Amino acid sequence: MQVRDVIAVVDYLAPFDLAEPWDHVGLQVGSPGDEVRGVLVALEVDDAALDEAARQDCDLLLVHHPLIFDPLERLSDDTEAGRLALRAARDGVAVIAAHTNLDKAHGGIADVVAELLGLEAAAPLAPAAADALKLVGFVPADDADLVRKAVFAAGAGVIGEYEHCSWAVEGQGTFFGRVGTDPTLGQAGRDETVTELRLEVVFPRRLKRRVTGAYVAAHPYEEPAYDLYRVENEFATLGLGRLGVLPAAQPLAAFAADVAAVLRLPSLRYAGDGARPVRRVAVLPGSGAEAIARGVAQVADVLVTGDVKYHEARVAQAQGLALVDAPHGVTEQEAVLRWAQTLADALGAGAHVETFRNPAVSVWQSPEGAAAGAVSPPSSAAPATAGASASAPGSPPANVPAPANAAAPARPANRDDARHHLYTDGGARGNPGPAGIGARLLTASGDVVEELADFIGTATSNVAEYQALLAGLELALDRGVERLDVFSDSELVVRQVNGRYKVKDAGLKPLHAQACLLLGRFHEVDVKHVRREQNLEADRLVNEAIDAAGH
């Protein structure tokens, strides 16, 4: 696989033409012909991401935030962008940026966040204009298939998720061939009437030369006629942000807590009456407060976005629009890392695609130590309220800075070839019934680091599965593990913590929130589903715990 192959796949999933005019997307460092052993997906390029690329044996970084945004007057280490670009080049790492094109794309950043929040009937908040042209040509019926295939191969005929789209109707064409002509149908020197198909296809404006060239080359006539029309439609599935509805209305404070949980944060600040029910939700990942001035309050009860300023919040309040301030970097990082699976699927089974979760994107800290966005309530002049913390009682909050005079804890060596594996299982004899949990922490080579088995009283199987996951994660954190693969045979729990299933059970919501918070404390973590027969040792621990309790 070469860099150009990855560029082509990204362009297919999130066409670079969708990017805003001011944006800088596509290949920023490297050559299209460079060989690619592995792709690392990250929010942005920094030293930590380049270090991770080296560890993961990846020589291509696909990032959401462009490395080179403002024009560089010189390629030197005088600027941070120049320094990082030089380092990437020296390390042999190509850099591709997918920014506003990925924001707008069907299945891109906005769709991922809308799915995480459980929105139904989600559609673009600001649909993208179809910068497209329509080719209308006139072709003999016997040659229509050949002409269609030629323009399709040139990139025409794509509408949303459908390819090879065209329309045709039969009609009659007339001509008079002058001296020296050799018409395909009829004869020169007399008026002719021939049966033709009026063939229509749409294509992106940037492909104008390619598509018209393919049409002329495939057409049997000496002088094929065609027309080009500007298409002013909007794409129904492409554009910035998403607008959708929750399955049922819920209080603003509870909704803000749900958003915090899927972003693996203890809490988020929100603006508005916490008891007010909200259902219509607008989402603009990253920085989208400008939607307030564009009148998003007319279509939504609440806007989820980041980088909201005081005066913007006041305007929203006056319009009756609630806000959930989801940190820019945290939201986009969560979405782009989940989108990485779409990229991996498109590249094929043999592709080596890794992800890098950089804790540094949580740039803001509160005195209580909660990351990015978990802040104290502002003054009454701006009635925004902080969401309730999802931290477990008695557990230390994430990212609490150590006192200046405190000794730093020893940091264990944690090489990639020693990435840890955690197997968890929970079960109940009855539902609910006597329940136990089990967890096994292993090195990558399969050596057992520690096992735990515990009886948790009467519980449902799903509660036991969550409790097992929580206990296993705490065990791994206590052991200083930074990179972890978690395996569970509970498809429900795996899909919920990965944001693919909405947590509807009120009893599971606090457990889900706590699990997301613990997952956010790892440098890198993946939660995967395995079959029950692949999790027998953890299941054994569950049964041992229940048996030991006399049940």
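This is a predicted model: local features need pLDDT of at least 70, side-chain atom pairs count only at pLDDT 80 or more; totals for chains, interfaces and linings use all residues.

In the largest nonpolar core, which has 59 residues, Val39, Phe255, Val324 and Leu343 touch the most other members, where a nonpolar core is a set of buried Ala, Val, Leu, Ile, Met, Phe, Trp, Tyr and Cys residues joined through side-chain atoms within 4.5 Å, and buried means under 20% relative accessible area, exposed over 50% and partly exposed in between, with a 1.4 Å probe and protein chains only. Helix α11 (residues 328-347) gives this core its largest share, nine residues; helices here are DSSP runs of H or I with at least four residues, strands are runs of E with at least two, and both are numbered from the N terminus. A second, separate core of 29 residues includes Leu477, Val494, Val503 and Leu519.

Residues are numbered from 1 along each chain as its sequence is written, and side-chain values use heavy atoms, leaving out hydrogens and water.

Turning to the rings, those of Phe, Tyr and Trp (its six-membered ring) pair if their centres lie within 6.5 Å, with planes under 30 degrees apart counted as stacked, over 60 as edge-to-face and the rest as tilted. By this rule there are three aromatic pairs. One of them, Tyr215 with Tyr226, is edge-to-face, at 5.6 Å centre to centre and 75° between the planes. Tyr215 lies in helix α7 and Tyr226 in strand β9, so the pair ties together parts 11 residues apart in sequence.
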